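User: I would like to go through this structure and see what stands behind each label. Please set the values against the definitions.

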Amino acid sequence: MSKSAESHLRSLDDGRCVLIDGARVGNVADHPAFRNAARSVAALYDFQARPENREKMTIAAGNGARVSRTWHLPTSYDELVLRREALVAWAELHHGFMGRSPDHVGSTLAGMYMGLDVYEGHPGGRPGAVSDYFHYARDRDLYLSYVIIDPQGDRSRATSAEGNADLAVAIVDEDAGGITVRGSKMLGTGAVLSNEVLVTTLRPLREDEGRYAFTAAVPMNLAGMKLLSRRSYEGAATSGFDYPLSSRFDENDALLYFDEVKIPWDRLFVHRDPKAQLAQWHETPAHAYQNYQAEIRLLVKLRFMVGLARKIAETIGTIHFPQVRETLGELAGHVGMIEAFVYGMEAKGRHRGPYFLPDAGLIYAAQVQSQLLYPKIIHFLRELSGGGMLMLPSSVADFDHPEIAPLIRRTQYSPSLSAQERVKLFKLAWDAVGSEFASRHAQYEMFYSGPRTVTTGMAYRTFDWAAATGAVDRMLASYPTPDIAAPEPAPPDLASPDAPTLSPQTL
Ligand SMILES: Cc1cc2nc3c(=O)[nH]c(=O)nc-3n(C[C@H](O)[C@H](O)[C@H](O)COP(=O)(O)OP(=O)(O)OC[C@H]3O[C@@H](n4cnc5c(N)ncnc54)[C@H](O)[C@@H]3O)c2cc1C
């Protein structure tokens, strides 16, 4: 294993252009807006490199070296489960709060590689580049992020329509060395913390929009690439005690701007081909496989959230109230549903060539539920907490103040925890439920897999409608359909003055 926590942190000091709070960042691994999140990512590499985790977290690659399970291409149900167990172990290190941990886009690339035949079937597909890059990223255990959505602009119009046309990143030139691109892309979660970014488009493009139809994997320090960071919750966190999640797991989101960026040909997976651009998502396992990873991560996060819910109820002495138990039971049912989805996707999996893949229909069904579920879970946690998440000392500094500290002891009574432990739990709960970090998480879980129209559209397309409508047809066929004895009425004579008139509404 070549990658350690230290080597990952060192790799981020590559001259990339990250802009935040009116300044350009030197080294993200040292910057107060990003340094703890960078260390949380580095801790994943540290974990998998430990000798006791070697079997679980890594596999032997074709060349004999051991590589992260992220890059494992399962060929059986058992291998798929082994990979999932490794992803769960990683997600437990951040409790599911790092949505674009390295196994997310790693899964996308693995899915693209498992579908090389799709690139072969299109004139603009470049299977050789996909294959070479898969091995390059795998052997270096690169942390990849992606930007696959155009900035909002005017969503009622095409990417190339006036107004939108200069927003989305597009090919503006090309020569023997590669293509040159200009424009922007949203919303690179983890981009600031990653080694390279996959730049591509998920939404369908028109045949005449070839200049937008490219897919490329590029290092963060390419000349002309600018990462425009949103506000940092880590930077705003006053202490690790007051903001235990914001201060450690703020994976960042950034708008990327490509200012005449030159991309070499060997990094180009799709070139000016709208059909290939779309097919690489839905005809290869890429889209489904990345979202399978997302549901595994969500399961870990939901277990954490319901754990918080129960601890809150114990802390304020409501755990034995039947209504509270009912709420906790409902929460348990929701987590069980996502767990069942994950196991079901695997059990219903099937081979695509040599690879064994989870069932796409169940992945999209899970996403339709997950988008609605997360805000509901937050609502339940708010309901169980009442004002407990706000009835708190202003900051950890209050514990050192001679006048305030004794008052904390007197006011933070709990039947199950000391005053300090009570404050600690509720500060954590607030950071999961109510802080700016928490609020961004609600937005994340609602949107990371696309707006609702997209997830429901995918569920619609992948559902087995033949089985469902076939069942209805069989039922209808099992009893007779009566004949209509009366003759068909004659159609109205429209030339007659008595004929009905058609109102504009009817037209
Ligand atoms: C926290 C966070 C992290 C993200 N991370 C990433 C990332 O790492 N990489 C990446 O590429 N993207 C990322 N995204 C972007 C994400 O993929 C998009 O937010 C998502 O696809 C929705 O697109 P949009 O935000 O442009 O919303 P829009 O498509 O503009 O939709 C917004 C709303 O407008 C309405 N609407 C829009 N179009 C229609 C329509 N045709 N019919 C009916 N109603 C419509 C719906 O109410 C919809 O919910 C992230 C987003 C968030 C919030």
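Analyst: In the protein chain, 76% of the contacts with a separation of 6 or more are between residues 24 or more positions apart; contact means heavy atoms within 4.5 Å. This is a predicted model, in which local features need pLDDT of at least 70, side-chain atom pairs count only at pLDDT 80 or more, and totals for chains, interfaces and linings use all residues. Residues are numbered from 1 along each chain as its sequence is written, and side-chain values use heavy atoms, with hydrogens and water left out.

User: Why is His287 called buried?

Analyst: Buried means under 20% relative accessible area, exposed over 50%, and partly exposed in between (1.4 Å probe, protein chains only). His287 has 3% relative accessibility, so His287 counts as buried. Apart from its neighbours within four places in sequence, His287 touches Leu202, Trp281, His282, Tyr364 and Met458. Of the 507 residues of the protein chain, 54% count as buried.

User: Which helix holds His287, and how do you know that the span of H11 agrees with its length?

Analyst: His287 is found in helix H11, residues 286–315. Helices (H or I, at least four residues) and strands (E, at least two) are DSSP runs, numbered from the N terminus. The expected span of a helix is 1.5 Å times one less than its number of residues. For the 30 residues of H11 this gives 44 Å, and the end C-alpha atoms are 44 Å apart, so the two agree. H11 is mostly covered, with 25 of its 30 residues buried.

User: What makes E8 and E9 a strand pair?

Analyst: Two strands pair if DSSP finds at least two bridges between them. Four bridges join E8 (residues 196–199) to E9 (residues 214–219), and the two strands run antiparallel. Glu196 has Pro219 in E9 as its bridge partner. The open sheet has four strands in the order E5-E8-E9-E12, with mixed pairing.

User: Which strands are the edge strands?

Analyst: They are E5 (144–147) and E12 (268–271), each of which pairs on one side only.

User: What are the bounds of domain 1 and domain 2, and how much area is buried between them?

Analyst: The domain assignment gives domain 1 as 5–282 and domain 2 as 286–466; such bounds come from an automatic or database domain assignment. Buried area is the accessible area (1.4 Å probe) that two parts lose on being put together, summed over both. Between domain 1 and domain 2 it is about 4200 Å², of which carbon and sulfur atoms give 64%. In this interface, 55 residues of domain 1 are in contact with 44 residues of domain 2.
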